[in-house]
Amino acid sequence: MKKIFYVLPAIAAAAAVCGGCKVKTDYREYVSERRYDIYEYTGDDVKISMYCTEKESPFIADGIKGDTCKTAEIYADVQEAENVAVTSQSFTGGEMSYLAARGVWYISFSCEAPEGSEIKITLERDGEKQDYTLLSVLTDGVMTCEQALDCVIEHDGELFEKMTENGIFKGEIIIRLLYDDKCYYYVGVCDREGNMHAYLADGQSGRIILERTHSM
């Protein structure tokens, strides 16, 4: 009987301790879009950008992460072309569509991440082919998508705590690498009501430059 008397309080104490523990949430599991690299070429009469992304398909900003797949998107800003196609040893490619609203040619396809800091492509404009080498914007010192997310969590931990229940995050996260002379990260946190909490972080320091909330 003495053993039972001492064991029961020990069990009760352990239960009290565990009851006070918080379930650790891995917010990276809730990323529905992750643009992790950008390759670019800029010349006199052409600018080519290739975005490497892993994202939900089809993408719906509803606060719930769906199945994701790796894709590549190529935008080509070329002058006086009627037909444009792109090919590479790294991917099949094909004919590009003209986006009149942006004034660029575009193609999207499933693609694994290129290896290395450059990728060679062939652009065919109205039957004439020309080779280009696109360079990654990820130079030394630029953080990863995951590190950018960590910076946002540190900046606004209250939001993530509010959207987390019993270790389950009630939302989805979008992380996009951006490039404009230097690297930035857009991090969007979408809740189940369609509210997007958006942050712009410096790609090297992780400092939050802008933040806003809007409805999708």
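Asn166 is found in the loop between strand E10 (164–165) and strand E11 (168–169), and in this predicted model Asn166 has a positive phi of about 55 degrees although it is not a glycine. Most residues other than glycine have a negative phi, and most peptide bonds are trans. The points below cover the backbone exceptions and then the salt bridges.

**Backbone geometry**

- Asn166 counts as exposed, because its relative accessibility is 68%.
- Asp181, which is likewise not a glycine, has a positive phi of about 70 degrees; Asp181 lies in the loop between strand E12 (171–179) and strand E13 (183–191) and is exposed, with a relative accessible area of 72%.
- Ser57 and Pro58 are joined by a cis peptide bond with an omega of about -5 degrees, and Pro58 has its place in the loop between strand E2 (46–56) and strand E3 (68–78).

**Salt bridges**

- The whole structure holds nine salt bridges, including one in which the side chains of Glu54 and Arg34 meet at 3.1 Å, N to O; this pair links Glu54 in strand E2 with Arg34 in strand E1 (residues 31–42), 20 residues apart.
- Arg34 also meets Glu146 in a salt bridge of 3.7 Å, N to O, and because Arg34 lies in strand E1 and Glu146 in helix H2 (residues 145–155), the pair ties together parts that are 112 residues apart in sequence.
- Glu73 forms a salt bridge with Lys55, with the closest N and O atoms 3.9 Å apart, and this pair links strand E3 to strand E2 across 18 residues; Glu73 counts as buried at 10% relative accessibility, whereas Lys55 counts as partly exposed at 21%.
- Salt bridges that share partners join Arg34, Glu54 and Glu146 into one network.

Conventions: Residues are numbered from 1 along each chain as its sequence is written. This is a predicted model: local features need pLDDT of at least 70, side-chain atom pairs count only at pLDDT 80 or more; totals for chains, interfaces and linings use all residues. Side-chain values use heavy atoms; hydrogens and water are left out. Helices (H or I, at least four residues) and strands (E, at least two) are DSSP runs, numbered from the N terminus. Buried means under 20% relative accessible area, exposed over 50%, partly exposed in between (1.4 Å probe, protein chains only). A salt bridge is a side-chain nitrogen of Lys or Arg within 4 Å of a carboxyl oxygen of Asp or Glu.
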